[in-house]
Protein chains: 4
Amino acid sequence: MIKATIAGGTGYTAGELLRILLNHPLVEIESVISATSVGMQVAEMHRDLLGETDLKFSDKIGNPDVIFLCLGHGLSRAFLEENDVTSTCKIIDLGNDFRNNLVFGNREFVFGLCELNRDKIRTTNSIANPGCFSTTIMLALLPLASMNKLFDDIHVHAITGSTGAGKRPVDTTHFSYRDNNISVYKPFSHQHLEEIAKTLTSAGSKDLPPINFVPMRGDFARGIFASVYTKWDNSMSESEVIDYYKEYYKDSPFVFVSDSPISLKEVVNTNKALIHIEFHNGYIHLTSITDNLVKGASGQAVQNMNLMFGLDETLGLKLKGSAF
Amino acid sequence: MIKATIAGGTGYTAGELLRILLNHPLVEIESVISATSVGMQVAEMHRDLLGETDLKFSDKIGNPDVIFLCLGHGLSRAFLEENDVTSTCKIIDLGNDFRNNLVFGNREFVFGLCELNRDKIRTTNSIANPGCFSTTIMLALLPLASMNKLFDDIHVHAITGSTGAGKRPVDTTHFSYRDNNISVYKPFSHQHLEEIAKTLTSAGSKDLPPINFVPMRGDFARGIFASVYTKWDNSMSESEVIDYYKEYYKDSPFVFVSDSPISLKEVVNTNKALIHIEFHNGYIHLTSITDNLVKGASGQAVQNMNLMFGLDETLGLKLKGSAF
Amino acid sequence: MIKATIAGGTGYTAGELLRILLNHPLVEIESVISATSVGMQVAEMHRDLLGETDLKFSDKIGNPDVIFLCLGHGLSRAFLEENDVTSTCKIIDLGNDFRNNLVFGNREFVFGLCELNRDKIRTTNSIANPGCFSTTIMLALLPLASMNKLFDDIHVHAITGSTGAGKRPVDTTHFSYRDNNISVYKPFSHQHLEEIAKTLTSAGSKDLPPINFVPMRGDFARGIFASVYTKWDNSMSESEVIDYYKEYYKDSPFVFVSDSPISLKEVVNTNKALIHIEFHNGYIHLTSITDNLVKGASGQAVQNMNLMFGLDETLGLKLKGSAF
Amino acid sequence: MIKATIAGGTGYTAGELLRILLNHPLVEIESVISATSVGMQVAEMHRDLLGETDLKFSDKIGNPDVIFLCLGHGLSRAFLEENDVTSTCKIIDLGNDFRNNLVFGNREFVFGLCELNRDKIRTTNSIANPGCFSTTIMLALLPLASMNKLFDDIHVHAITGSTGAGKRPVDTTHFSYRDNNISVYKPFSHQHLEEIAKTLTSAGSKDLPPINFVPMRGDFARGIFASVYTKWDNSMSESEVIDYYKEYYKDSPFVFVSDSPISLKEVVNTNKALIHIEFHNGYIHLTSITDNLVKGASGQAVQNMNLMFGLDETLGLKLKGSAF
C-alpha cells in the first residue's frame with residue numbers, strides 16, 4: 001500500500017482527493033494535515049465522507065510515500081521550507097508554486113500533464129500538477145502544437161464552476177450574486193497563461209502566437225467548458241485533424257474526441273476530458289471540457305501518483321459521472 | 001413629494017427599497033445612510049442601479065418625511081437611541097426590533113401586515129414591517145384565523161431563497177454549497193413563530209394550536225414557498241372556503257387566490273402573494289408564495305408607506321414579474 | 001462474470017445503471033435493449049459514457065443471468081408477457097409494477113428494500129425495486145416502525161430533483177419553468193404511499209397512522225430531501241433513539257445517522273442515505289436524503305443484484321460523491 | 001389610449017409584452033390572439049398575470065392601433081398574408097421575417113434598433129424588431145462602427161438564457177440536461193449574424209471584417225452576456241473610447257457604459273443594456289449585457305412603439321430589476 005499524506009486538508013481539492021483516495025485500492029491515508037482543525041473528524045468538514053472514514057485532521061506529516069500539497073497558491077514553497085519532507089517521499093503540488101519554476105532544493109519538478117509528460121512523470125519524485133483552466137485548454141491545443149500548426153492568435157473563452165474559486169466565501173461566490181449570473185474576470189491576464197504557453201511550446205509549437213483568454217464565472221459548481229479557435233492553414237481536412245487527435249490521445253485513457261458536440265455535464269465528476277473539433281470560416285474550433293476538481297486538480301494528481309508509482313494510470317479513477 | 005431616508009443603505013432590503021422608490025411617482029430619496037460607505041455612489045454598491053441614480057451614501061438623516069430602517073435585526077432600537085429622528089418623521093422598521101414589542105419612547109408601532117391592520121396603519125407614524133416567512137405563512141392562515149377555525153396543530157414547511165440570509169457571505173450562502181442543495185435550519189424554532197402566533201390570535205384565533213414550522217434553505221435567490229396544512233372540521237366545503245378567502249382578500253390588491261396549483265416564480269419580483277387551497281384526508285392544505293424581498297420586505301414597507309401617507313396602496317408597486 | 005441485460009435502455013435509470021455496471025468488477029453487459037434505437041451506440045444516447053463502452057442498443061434479451069427492467073411504470077408486466085425470460089434468469093424491476101402486487105406467474109417478487117428484506121433478497125430470483133421517494137421516507141421511519149412507535153399522523157414534505165420526472169421533456173421539466181422555481185404536486189396522494197405503508201407495516205408498525213405526504217418539485221437535477229415528523233411518546237430520549245437508529249442500521253453499509261444536520265449534496269452521486277434526528281415540541285423530526293437515481297433507483301438495484309448473487313453488498317457501489 | 005393587439009399570444013415574448021403593456025399608462029390591450037387557446041384566460045397560460053388581467057385569448061385582431069407579431073420565426077409573413085391588418089395599423093414584428101428583407105406589400109419595415117434608427121422609427125408604421133443576440137452584440141459595436149474602427153476579425157462569445165429557446169420543451173431545454181450545464185450551438189453560423197453585419201455597415205463600418213460568433217447555452221433563464229473583442233489601432237486611448245461611447249449613447253435612455261466590470265444580473269428584468277470597455281494586448285474588449293426577453297425582445301418592441309406614437313421612449317419601461 002502507498003501511504004499518502006495530504007497537506008491543506010480542509011480545502012476543496014483536498015476533499016476531492018480524499019473522495020478519490022479512500023476508494024483507491026492501493027492507497028492508505030497516512031495523515032490529513034490541517035493546522036487549524038487538529039483533532040476534528042475529517043468527515044465533519046467534508047461532510048459527504050460521513051460513513052467512509054474515521055480519519056481526524058492532524059498536524060503531523062507522518063511517514064508517507066507521497067505527500068499531496070493542497071495548500072493554496074503560493075504556500076507550497078513555504079510549507080516545504082518549514083517542514084521536513086524526506087527525500088524519498090514523492091511530492092505532488094496542486095498549487096501553482098512550481099509550475100513555472102520547477103526547481104526546489106535538490107528536487108526538479110515535472111509539470112504533471114500526463115498526456116504530454118507521461119514518461120518523465122514515471123521517473124520523477126516531484127510533480128507540479130497543472131491548473132484547471134490550463135488542463136482544459138492545453139488538452140484542446142496539444143495536438144496542434146505537436147504539429148506546429150499554431151501560427152495565428154489563439155482565441156479562448158472558458159467558463160468555470162464556483163469550486164474553482166475555493167472554499168472561503170466571498171462576494172463573487174455568494175449564492176445570491178452567482179445564481180443565474182455570468183461575469184468575466186481577469187480577461188487576457190489569467191495566471192494560467194504562462195503554464196499554457198510553456199507547455200504548448202515544449203509540445204512542439206515554435207513562435208507560439210498570443211493566446212487571448214477570457215475566463216468567465218459560471219453559475220454552476222463543477223467543471224470548465226472551453227471554446228477555443230485559431231486560424232487554420234488547410235493543410236489537413238477536418239476529418240484528418242480529428243483522426244490526428246484520436247491518434248494523439250489513443251494511449252491517454254481519459255481524453256476522448258467526441259464526434260458530436262459536447263456539453264459540460266458529460267465529464268462532471270469524472271477524470272475525463274472531451275474534445276470536439278469543427279472547421280468554420282478558415283478557423284479550427286475546439287471545445288474542451290473537464291471537471292475542474294477532478295481532471296483539473298485532484299484526479300489528475302492521482303493519475304500522476306499512479307504513474308510515479310508504476311501503477312495503471314486509471315487505478316482508482318474509473319469514476320461514475322454524475323451526468324445530471 | 002415624500003422625502004424618504006434609508007438607514008442601513010448597503011444591504012439587500014435597502015437595495016430593493018431603492019429599486020422600488022426610484023420609480024415611485026411621489027417619493028424622492030432624501031438620504032441613503034451607510035456609515036461605512038459615505039461618499040460612495042449608491043449604484044456602485046447596488047450595481048443594477050447604474051443609470052438610475054446619482055445618489056451617494058451619506059451619514060446624515062437629513063430632514064425626511066419617512067425613514068426606513070434596513071439595519072439588520074436588533075439594530076433599530078440602537079439607531080433610534082443614537083440618532084435624532086424628529087417626532088413628525090414616520091418610521092418603518094424592516095428589522096424585527098419592534099414586531100413583538102411595539103413600544104419605543106412615545107411611539108407605538110403597528111405591526112405592518114396591511115391585509116390585517118390596514119386601518120391602523122393609515123393613522124400610525126411607526127410601523128414594524130413583518131418578516132418574510134411570517135408574511136407568507138400569515139397570509140395563508142389569516143382567513144382561517146378570522147373564522148377561528150384553527151383548532152389542531154398547524155404544519156408548515158417553507159423554503160426560502162438565499163437573499164433571505166442577507167448579504168454577508170457565509171458558508172451556507174456559498175454558491176458551491178448551496179447550488180443544487182437543500183437543507184433545513186432552525187426547525188420548530190424559527191424566530192418568526194412569535195409574530196405569526198400573535199398575529200393569528202389578533203386576527204381572531206382563540207387558543208391557537210401549536211405551529212410546527214420547518215424552514216428550508218432553497219437553491220434559488222428570491223422567494224418563499226410555504227406549504228401549510230391543518231385539520232379541517234368540515235363545516236364548509238372546499239369551494240366555500242375558497243370563496244371565503246377570495247372575499248376576505250377582495251380589498252387587498254396584492255393577495256390572490258389561485259384556482260390552480262401555484263409555483264414560486266408566479267410572484268417573483270412582484271409585491272403579490274398567491275394562495276392555493278385544497279382539501280385532502282381531513283386536512284385543509286394551503287400553498288402560499290411571496291417574493292421575500294418585495295412582499296416579504298421592501299415592497300410591503302412601501303405598501304405601508306403608501307397607506308401611512310394616504311396614498312393608493314399600490315402606488316409604485318405595480319411591478320413587472322420576472323416570471324422566469 | 002454475471003451477464004446482465006437492461007430493458008428500456010434509453011431512460012434515466014438505465015443510463016445510471018450502465019454508469020454503475022460498467023465499473024462493476026463482476027458484471028458484463030449482455031444486452032441493452034431499446035426497440036426504438038437498435039444499432040445506435042449507447043454512448044450516443046448516454047453521452048457521458050463516451051470512451052467507456054462500445055455497446056450498441058439491441059432488441060435481443062440475449063442469455064443473461066439477470067435482467068433489469070427500466071421500462072417506465074406499468075410496462076414491466078407487458079414486457080414479461082411478451083418476452084421470453086428464462087426461469088433461471090433473475091429479474092430486477094425498477095418500475096412500480098410489482099411493488100404492491102408481488103406475483104407474476106410462478107415468480108414471487110420480493111420488495112427490494114435491502115435494509116429490511118436483506119435475507120429474503122438473498123434467496124429470491126425476482127425483485128421489485130422500491131421507488132425513490134419511498135426509499136428516502138422508509139429509511140427515515142423503519143426503525144420507528146420496528147419499535148411500533150408510529151402512533152400519530154406522520155407528516156412528510158419531500159423535495160425531488162428533476163431526474164425523478166423522467167427523460168421526456170414536458171412543461172414542468174422545462175428549464176425556463178423549473179429554474180429557481182418550487183412547486184407541489186400530487187399532495188397527499190402520491191403513488192408511493194402504498195408501498196411505504198405496506199413496508200412500515202411489515203417492519204412492525206401496527207395500526208399505521210395516516211401518512212401526510214406533500215411532494216415538491218425542486219430546481220435541481222439529482223436527489224431527494226425528506227423532512228418527516230410525528231408525535232413522540234417520550235419513551236426514549238433523543239440520544240437513545242439516535243443510538244437505536246445506529247444499531248438498527250449497523251449492518252447496512254449505505255445508511256448512516258448523522259449527528260449534525262444534513263444537506264442534500266452530502267449523498268448526491270452515491271448509494272448512501274443519511275438520516276438526522278432531532279426532538280422538538282413533542283415530535284421526533286427526521287431528515288433523510290438519498291440520490292433518487294442511485295439509492296433511489298439504479299444503485300439500489302445493483303445492491304439487490306449483489307445480494308441475489310451472494311456478493312458483497314457494496315460491490316461496484318463505492319461511488320465518489322459529487323459533493324458540489 | 002393606444003389599442004394594441006398581440007398575435008401569437010401564448011409564447012414567451014407575448015407573455016413578456018403583456019407584463020409590460022398591462023402597466024403601460026397609455027396602452028390598452030385590444031386582443032390577444034391564439035388560435036389554439038381561444039376563450040382561455042390569458043392568466044391561465046401566463047400564470048404570473050393572475051390578478052392583473054381578465055383578458056381571454058381570441059382569434060380576432062379587433063381594431064388595434066398597433067399589432068405586435070410574436071409568432072415564431074418565419075410565421076409573420078404568412079400571418080400578414082392571411083389576415084387583414086388595416087394600412088393604418090402599425091406593425092411591430094418580433095420575429096425575424098423582415099429584419100433582412102424589409103419590404104412587405106406597400107409597407108417598408110425599419111430595423112427597430114432604437115439606438116441607431118430612432119428618427120426613422122418615429123415616422124415608420126412597420127418595425128422589424130431586432131434579435132436578442134443581435135441587440136446585445138450590436139450595442140457593443142455600434143460606436144466603433146460609427147467611427148469605422150472595425151478593421152480586423154471580430155471575436156464574439158455570447159451566452160444566453162433558456163427563454164431564448166422558446167416555450168416548447170425539447171431535449172436541450174430539459175431541466176435535467178441544462179441545469180449546471182454549458183454547451184455551444186450554431187458556432188460561426190447563427191442566423192443573427194446577417195442582421196448584425198447589415199446594421200454595423202449601415203452604422204458606418206466600411207469593409208466590415210468577419211464576425212466570429214460562438215453562441216452558448218447557459219444554465220439560467222433570462223439574459224445574454226456577450227464578450228466581444230477586436231484589434232484596436234491605438235488611435236484613441238481607453239478613456240477616450242469610453243468617453244466616445246458615453247457620448248454616443250447619451251440620448252439613449254437604456255444604454256449605459258459601466259466603469260466597472262459587469263455581471264448579467266445587473267440588467268435582468270430591465271430594458272437596460274450595460275457595456276464595459278477594457279483595452280488588452282492590442283485588443284479592445286467589450287462586455288455587453290441585456291435581458292433577452294426585455295431589451296432583446298418585448299421591451300425593445302415597446303420602446304419602438306413609444307417612438308412610433310411620439311411618446312417618451314421610456315414610457316412603461318422603467319422596470320424594477322430583479323438584481324438577484
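This is a predicted model: local features need pLDDT of at least 70, side-chain atom pairs count only at pLDDT 80 or more; totals for chains, interfaces and linings use all residues.
Visitor: Is Phe188(B) buried or exposed?
Guide: The cut-off for burial is 20 or more other C-beta atoms within 10 Å. Phe188(B) has 20 C-beta neighbours inside 10 Å, so the residue counts as buried.

Visitor: What is phi of Phe188(B) near?
Guide: Most residues other than glycine have a negative phi. Phe188(B) is not glycine, yet its phi is positive. The value is near 65 degrees.

Visitor: As what does Lys186(C) count, by its C-beta neighbours?
Guide: Lys186(C) sits in the loop between strand 11 and helix 7 (193–202) of chain C. Its phi is also positive, near 50 degrees. Exposed needs 12 or fewer neighbours, and buried needs 20 or more. Lys186(C) has 13 inside 10 Å, so it counts as partly exposed.

Visitor: How many charged residues has the side of chain C that touches chain B?
Guide: On chain C, 32 residues are in contact with 32 residues of chain B. Elements giving two or more residues to this side include strand 10 (154–160) and strand 16 (283–290) of chain C. By class, the side has 15 nonpolar and 14 polar residues; the charged ones number 3.

Visitor: What axis relates chain D to chain A?
Guide: A rotation of 180 degrees superposes chain D on chain A, with 0.0 Å of shift along the axis and RMSD 0.0 Å. That is the relation of a two-fold axis.

Technical notes: Residues are numbered from 1 along each chain as its sequence is written. Chains are lettered from A and ligands numbered from 1 in the order in which they are written. Two residues are in contact if their C-beta atoms, placed from the backbone, lie within 7 Å. Helices (H or I, at least four residues) and strands (E, at least two) are DSSP runs, numbered from the N terminus. Ala, Val, Leu, Ile, Met, Phe, Trp, Tyr, Cys and Pro count as nonpolar, Asp, Glu, Lys and Arg as charged, and the others, Gly among them, as polar. Copies are superposed by least squares on the C-alpha atoms of residues with pLDDT of at least 70 in both.
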